[in-house]
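Please have the sequence and the model open while reading.

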Amino acid sequence: MAEQEPTAEQLAQIAAENEEDEHSVNYKPPAQKSIREIQELDKDDESLRKYKEALLGRVAVAADPNVPNVIVTRLTLVCSTAPGPLELDLTGELSTGRALVLAPSGGVSWRCMPGLMCGELGGVRAPAEPPCPSPGDLESFKKQSFVLKEGVEYRIKISFRVNREIVSGMKYIQHTYRKGVKIDKTDYMVGSYGPRAEEYEFLTPAEEAPKGMLARGSYNVKSRFTDDDRTDHLSWEWNLTIKKEWKD
């Protein structure tokens, strides 16, 4: 049976139910200080020096100035019942090829794999496939879609690095559209982070995927990672398809 598409009136009702109060808040973030400035403050106070070191770690401030301070590396849908990985590589740092693997939607499909030559499968050349998009090719994500079974519990995980300076008030903002109508806007407060070699990970609270005949179908998601200074660290679009079963 074909899925019943929601009408424009039903989408408008969903959007109204999800509308959040977006009144501006008169909040002015404090003036930002560099890591070096913080380290130089009261440097003769040994107890304060140790306290700052405990908070910031042994930070090397001589980072490459040409590298962005914040780099968003991955978006992952964390779902314990998913048959395969649900992840977007947002960096473009690794070379990729395609391998035949179990797709999140079930069955066997081609998938980009770091360090693998295109068309290679266990040392055997598979039939030629169209060129695979590079990791971090944000435009290509608009043509791909995660499949999520209706009603399952999932969380969104954002992986990112901070390279040079403390970043205050980072936020992950997500707008969800159905048939061109915005039906949801969610802001997640990520927090403030200092530079370090290891990646940070932020997990959203658990959510339940939409369910029911009207909820099944395709959703377009516009994501943005920003901060108190309204710096756009990364914006990207991706798609989500809600189905009755993982294999549908």
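## Aromatic pairs and their surroundings

Ring pairs link F160, Y193, Y200 and F225 into a cluster, where rings of Phe, Tyr and Trp (its six-membered ring) pair if their centres lie within 6.5 Å, with planes under 30 degrees apart counted as stacked, over 60 as edge-to-face and the rest as tilted. The model is predicted, so local features need pLDDT of at least 70 and side-chain atom pairs pLDDT 80 or more, while totals for chains, interfaces and linings use all residues. Residues are numbered from 1 along each chain as its sequence is written, and side-chain values use heavy atoms, leaving out hydrogens and water.

| Pair | Distance between centres | Angle between planes |
|---|---|---|
| F160 and Y200 | 5.5 Å | 25° |
| Y172 and W236 | 6.2 Å | 25° |

F160 lies in strand β8 and Y200 in strand β11, so their pair ties together parts 40 residues apart in sequence; strands are DSSP runs (E, at least two residues), numbered from the N terminus. F160 is buried, at a relative accessible area of 0%, and Y200 is buried at 12%, buried meaning under 20% relative accessible area (1.4 Å probe, protein chains only). The charged end of R196 sits over the ring of Y200, 3.9 Å from its centre; for this, NZ of Lys or CZ of Arg must be within 6 Å of the ring centre and within 35 degrees of the ring normal.

Y172 in strand β9 and W236 in strand β14 are 64 residues apart, and both are buried.

Definitions and conventions. Helix = DSSP H or I, 4+ residues; strand = E, 2+ residues; numbered from the N terminus. Buried < 20%, exposed > 50% of the residue type's maximum accessible area, 1.4 Å probe, protein only.
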